[in-house]
Amino acid sequence: MNAPGAASGGADAGTRPRVGLFVTCLANIYRPNVGLAAVTLLEQAGCHVEVPMTQTCCGQPSYNNGDLDGAAKTARQTIEAFEDFDYVVAPSGSCGGMLRDFPRLFASEPGWQQRARAMTDKTYELISFLTDVRDVTSVDAAYPHRVTYHDSCHGLRALGIKEQPRRLLATVRGLELAELADSEICCGFGGTFCVKYPEISGRMVADKAAAINATEAGVLLGGDLGCLLNIAGRLGREGGRVRVYHVAEVLAGMADVPGLGDPRRPKGGA
Amino acid sequence: MEPLSHAFKERSIWALQDETLQVALNRAKDGFAVKRATAVDRLPEFEALRDRAVAIKDHTLENLDHYLERYADAVERSGGKVHWASSAEDARRIVVDICRASGARMITKGKSMVGEEVGVNGALEEAGFEVVETDLGEYIIQLAHEPPSHIIVPAVHKTRGQIAELFHQNHEKYGLTRKLAEVPEMVNEARQVLRGKYLAADVGITGANFLIAESGTSVIVTNEGNGDLTCSLPKVHIVTAGIEKVVPTVEDASTLLRLLGRSATGQDMTTYTTFTTGPKRPGDTDGPEEYHVVLIDNGRTTMLGDQFREMLRCIRCGACMNHCPVYGAIGGHAYGWVYPGPMGSVLTPLAVGLKEAGNLPNACTLNGHCAEVCPVRIPLPDLLRTLRHREYQLRLGLKPMRWGLAAWVWFTTHPRIYRLGTRVQARMLALLAGRKGRFRRMPLAGSWFRGGRDLPAPQGETFMAVWQRRQRGQG
């Protein structure tokens, strides 16, 4: 990987930034491989990665369902776990965006608001952290497939993530990117939206699946597991052959496990 | 109009199953978004214009009383009359009284969303007047006895075939009996019918896109020229407008006009932009003898004083709904009141109450596309989230959701139990899914599957467990 300190090995932890990995509840439960891929990419970018064991959820379920007090309780947990790191990094634009919104939860608690602001100032989504903060310009990975990419809404609109993953994907050997029509249109996940209004959500993800199929790509990539679970669920229901991975898995050269919702391999496997 | 927003869920499912509606929605889907993007790309100063528009609107709202008084004074100076309506009921009564006093029988109307909001048509018809909508889209839905499904293209939900059928049924009485198939033929036939109405009308009612305080002028934009005929041919012209429509100067109005057409239909300017100031003066060759403006509050001053003030910046361009994937899937009628889409999901609960319209702010993925295109930068997703908060505080949401959220918060603030619980969950789901790697159904999770999708299974171990093992291995 082409980044400052990339080849320095593990000896000089003192000069490397300490990054707290906010793994996100979906990666923790559904896809540990995404967390491992994030660790690999961050270490290749010269970071010292730690995973606080007291981390849980970003609080978005409460925040987006109107329970702001509940969201603030969960946020305090996260702030306490992460405020001492040089950086906080999440392999998700949605959870990363939520962490950036923390100061809003403490409008009437100046002390906590200050702590929240101090933490959010150093909070990033994984891929944009690699490119924008660590100046990573290439990765050392091969993935000889035609892929397409879905821009998850929160990463795109709250954090401005658009070119960053494409720039890194362009350096993956053998990878061919076929752009998705309407890649900026929501897939219909929307957190609890997808179970509160499943029929509408189902229509939206069916439209997304049709656009993916039209690219004739064999693989769909994205930066948010919520969207990817939704899309993989739809593609699986249709019996299609498109496989679904988090972009970090491909960039880290770790997309050698079954994709989201793919049949488990007979022996081993994650 | 009686709100039907409480039935949003049922109505949205009907909409998804209505094949004709889906044809109409699919046809309209990309058109506006692409046209807007093209128009915006052609105008390098578009972002700067948006900033100016926000500044104009915020300044005006901050000093709304002052500019409304200036506007009213200017209207009176030009010979017009201003009426203040604090509620929808007031507005209906005022309009009916003006029409009665003028001895009117026939009334033509230009498109007015605030007219729909307060229910002007119903009140006039009840009072015995013949009311004819002159905007082609409004005319179509009037024939169909339906409310608008979009704020700038009210009949966007209708297919060409449905419109041909409506004209066939309703134009027979004018001796127009041929069944039409082509759009230009239909437009011509509607024009022919409406021409007679313009000439016969005693009162013309229009809305207003902007009210200019310095001159007492009202501005409307149309593409059909129906607004001009409605406000200049009858003896009496009534302008119905929400109080947030006022802007200080003609310069300000033109800044907003540059954004309006581009955001709405991708037009640099609409075909007609009509400025009307007062009644006909001595020596004028045409114009109405009476000029009335009904300034409607109907909840707007409440919004001015609470967290929803930014919503009063809205210039009713429709860009938010043109870019909303939920609106694109279900159309406007599912929302159950006058204003659909993102802006409607904020306005409707404020107007008819969260108990009636609580679904609207929730039926949104918070994807942010609406805020991205809003010409006056209204933070629509934030306002929708604020409404969800209000709903939560009022305990109006579903109880199981409330309990679920409380349980989740407890779980997330007890990290040891969280780690253990997620570890069990990941393991169990992976075991239950087996080799297939995904679920086709699952007890208690029916909602996910009602969306026509499988649920991918977890890999089996949580990340935290893997990481702890790895750390121990290293240590």
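Among contacts in chain B between residues at least 6 apart in sequence, what percentage join residues at least 24 apart? The share is 75%, where two residues count as in contact if their C-beta atoms, placed from the backbone, lie within 7 Å. The model is a predicted one, in which local features need pLDDT of at least 70 and side-chain atom pairs count only at pLDDT 80 or more, while totals for chains, interfaces and linings use all residues. Residues are numbered from 1 along each chain as its sequence is written, and chains are lettered from A, with ligands numbered from 1, in the order in which they are written.

Chain B has a C-alpha trace that spans about 95 × 55 × 45 Å along its principal axes, and its secondary structure comes to 24 helices and 12 strands, these being DSSP runs numbered from the N terminus (H or I over at least four residues for helices, E over at least two for strands). Of the 475 residues in chain B, 49% are buried; a residue is called buried if 20 or more other C-beta atoms lie within 10 Å of its own, exposed if 12 or fewer do, and partly exposed in between. The domain assignment, which is automatic or taken from a database, gives chain B a domain 1 (43–301) and a domain 2 (399–474), whose C-alpha centres lie 55 Å apart.

Chain A is likewise assigned a domain 1 (18–132) and a domain 2 (141–251), and the C-alpha centres of these two domains of chain A lie 22 Å apart. Their contact takes 27 residues from domain 1 of chain A and 22 residues from domain 2 of chain A. On the domain 1 side, several helices of chain A each supply at least two residues, among them α2 (32–44) and α5 (93–100). That side divides into 11 nonpolar, 12 polar and four charged residues, with Ala, Val, Leu, Ile, Met, Phe, Trp, Tyr, Cys and Pro counted as nonpolar, Asp, Glu, Lys and Arg as charged, and the others, Gly among them, as polar.

The two chains also meet each other, in a contact that takes 56 residues from chain B and 62 residues from chain A. The side of chain B that touches chain A is made up of 26 nonpolar, 18 polar and 12 charged residues.

Helix α1 (residues 8–17) of chain B has B:F8, B:S12 and B:A15 buried, and because these residues cover an arc of only 60° around the axis, they are on the same side of α1(B), the arc being that of the directions from the helix axis to the C-beta atoms. On the other side of α1(B), B:E10 and B:Q17 are exposed. The cover over the buried residues of α1(B) includes α12 (198–214) of chain A, together with α2 (19–41), α15 (325–330) and α18 (359–362) of chain B.

A:T24, in the loop between β1 (18–21) and α1 of chain A, has a positive phi of about 80° although it is not a glycine, and A:T24 counts as buried because it has 28 C-beta neighbours inside 10 Å. B:L444, in the loop between β11 (438–439) and α23 (446–450) of chain B, has a positive phi near 70° and is also a residue other than glycine, but B:L444 counts as exposed because it has 6 C-beta neighbours inside 10 Å.
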